[in-house]
Amino acid sequence: MGKNKSQTHVSDEPPQKAGKCHKNDSLTSTQVQPDGGYGWVVCFTSMCTNGTVFGSINTFGILYLAMLEEYSDPSDKNISFKTAWVGSVCTGLTFLMCMVASILSDRIGIRKVAFTGGALAFIGMLSSAFVEDLMLYYLTYGVLMGLGFAFVYAPSLVILGHYFKKRMGLVNGLVTFGSAVFTIVYSLVLPELLKTIGLKYSLLCLAGLIFLLMPYSLTWKPRFQQESNLPALALSSESIVEHMNDCCRWTRKYLNVKIWRNRGYVVWAVANGVSLFGYFIPFVHLVKHTKDIFPDSNGSLLPMCISITSGLSRITFGLIADTSCISRMHMQQAAFILLGVTTSCIPLADSFVSLIIICLVMGLCDGLFICLLGPIAFDLVGEQGASQALGFLFSIFSVPMTVGPPVAGLLYDYLGSYNVAFHVAGVPPIIGALLMFFIPRHKQHVPAVTEIEEFAGVSCPDIYSSRSVQDASNRVMAKENRGPSKTELVVLSEQETLDLLKTNGLKAKSSDDGFEDEDYKEDEKTGEDKASEEGKSLLEERKARVMSSRDSKNTEETSDFKD
């Protein structure tokens, strides 16, 4: 019967020499994240992926106006309501399936999931160009693109944890700012395409950009892979039970429902969900509102204004969030209150310049709100539940972001203007900010843990560790002479033991088959569960066994194993 244990190793090295990424491993012998090199290629493609996904989502308001003109029917009094569902379904599914996509990335493979997502999104946008019935957009643009975006977006964040650790703050800024840049470009180019070649061929051009998601995903070569020692499923009761138990353990690992016993997280998640009922309404309806109120002005510039200040805000407030003297929760509360006030003031704008100023302020609030999601989730639930907390939060977001824009469209259909819709949209963020006062006091983690780190934590839990692997190895060596403390647990892997032997002057031969001594492997497993006082004696036994094994195999190498 095989062992019910999964191992993680670096994919481009032999398993016995690869860096491991276990929650139970306190040390590793090498730093598996290169923090550079090929990682910058991964960072660039991840930035382009995030830009393509959120550029398409944030500028749907421009396509929304074109769809209204294309499928307008004087006899249909609910055309705005029906059209708004197209973008809302896409956005809602993108956030709803993020957690599922990140789990599948760890279980099936990052590149497989991401490539599938890119293919689904491409098929969805390509087929949307040939749709003649508005209702079919729900399937092509809404369902297919929403699923595709989720399956490519989550892996694009997970893969960054395989290549970066020390420079994760810089990478987070680059990837985050990339989505703002793409939104700006979309806002400038898309209106010209619609004016020149029409809706159909504009969608074909967008399909060409989304097609690039597939080659982007092929660059995401994972450095950690999950391997299971379970035997193949056989038609026996023991085999079936063993595989079912493994499936249950895997499910409990990712669906950590214990975080819902955390009062602070529950209140925060509910408050954020309430706040987002009005969040996405300006992104969908602001362009149409501008055309109605200021017909001579270019309403397509407003999403661009939001994106400019949003990108700058994410970087600026992300740095401020790294300090311990400012409460991140209070910062997010301020963002929601200001966002609610500015959204309610949209109907009060008496000029296009006033709308631009309002959008610039909304962008600041948007960036502040987004950059604090990861840090606050980590502060509330800690390392063990941070990834699941963010995944559950995104699933909650999908409900208000799906429902909000269609409700605003329905109000427009019956009232003839967006005044009431924008006034109402400003209320939920303020309510959400007030609910946050019921969150208990908690300790802030410094430096702040980013959203990317929490997605990456799904496949690499050691991404949260801030200490250098080499420094940790040096500390173990320094403690070898005086022995570990009574309360310290020393966990040594196979490769770590070999490195420590080399440091003591044992020039052990580096081979691809690793240690072949079965007793040695059993001792290593036993040593992981023993206290540190026994760990030192185990280390001495390992030295002696390695020396004895090498001497018996090749007497000529005896001189290489002198102390």
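The protein has 24 helices and two strands, where helices (H or I, at least four residues) and strands (E, at least two) are DSSP runs numbered from the N terminus. This is a predicted model, in which local features need pLDDT of at least 70 and side-chain atom pairs count only at pLDDT 80 or more, while totals for chains, interfaces and linings use all residues. Residues are numbered from 1 along each chain as its sequence is written, and side-chain values use heavy atoms, with hydrogens and water left out.

## Overall picture

Of the 563 residues in the protein, 53% are buried; buried means under 20% relative accessible area, exposed means over 50%, and partly exposed lies in between, with a 1.4 Å probe and protein chains only. The protein exposes about 24,700 Å², and carbon and sulfur atoms supply 61% of that area; accessible areas come from the Shrake-Rupley method with a 1.4 Å probe, and for residues only the protein chains shown count as cover. Among the contacts with a separation of 6 or more, 84% are accounted for by residues 24 or more positions apart, a contact being heavy atoms within 4.5 Å.

## Salt bridges

A salt bridge is counted when a side-chain nitrogen of Lys or Arg lies within 4 Å of a carboxyl oxygen of Asp or Glu, and by this rule the count comes to four.

| Glu69 | Lys291 | 2.5 Å |

The side chains of Glu69 and Lys291 meet in a salt bridge. Glu69 belongs to helix 2 (residues 60–71) and Lys291 to helix 12 (residues 281–293), so this pair ties together parts that are 222 residues apart in sequence. Glu69 counts as partly exposed at 48% relative accessibility, and Lys291 counts as partly exposed at 38%.

Because Asp366 lies in helix 15 (residues 352–371) and Arg314 in helix 13, the pair ties together parts that are 52 residues apart in sequence. Both Asp366 and Arg314 are buried.

Asp379 is buried, with a relative accessible area of 10%, and Arg328 counts as buried at 1% relative accessibility.

## Helix 13 and its partner

Two packed helices are described by the angle between their axes and the distance between the axes. Helix 13 and helix 15 pack at an angle of about 35 degrees, with their axes 6 Å apart; here axes are lines fitted to C-alpha atoms, for helices over the stretch in contact, and angles run from 0 to 180 degrees between N-to-C directions.

## A nonpolar surface patch

Phe177, Val181, Val185, Leu188, Val189, Ile308, Leu312, Ile315 and Leu319 form a nonpolar patch on the surface, with about 720 Å² of accessible area together. Patches are made of residues with over 30% relative accessible area and no salt bridge, like charges being joined within 9 Å and nonpolar side chains (Val, Leu, Ile, Met, Phe, Trp, Tyr) within 5 Å. The elements that give two or more residues to this patch are helix 8 (168–211) and helix 13 (301–320), and helix 8 supplies the largest share, five residues. Phe177, found in helix 8, is partly exposed with a relative accessible area of 31%.

## Individual buried residues

Gln332 has its place in helix 14 and counts as buried at 0% relative accessibility. Leaving aside its neighbours within four places in sequence, Gln332 is in contact with Trp268, Asn272, Phe369, Leu372, Leu373, Ile376 and Met436.

Val381, in helix 16, counts as buried at 19% relative accessibility. The C-alpha atoms of Val381 and Ile259 are separated by 6.6 Å, although the two residues are 122 residues apart along the chain.

Tyr153 lies in helix 6 (residues 137–158) and is buried, with a relative accessible area of 4%. Tyr153 and Thr49 are 104 residues apart in sequence and 6.9 Å apart in space, C-alpha to C-alpha.
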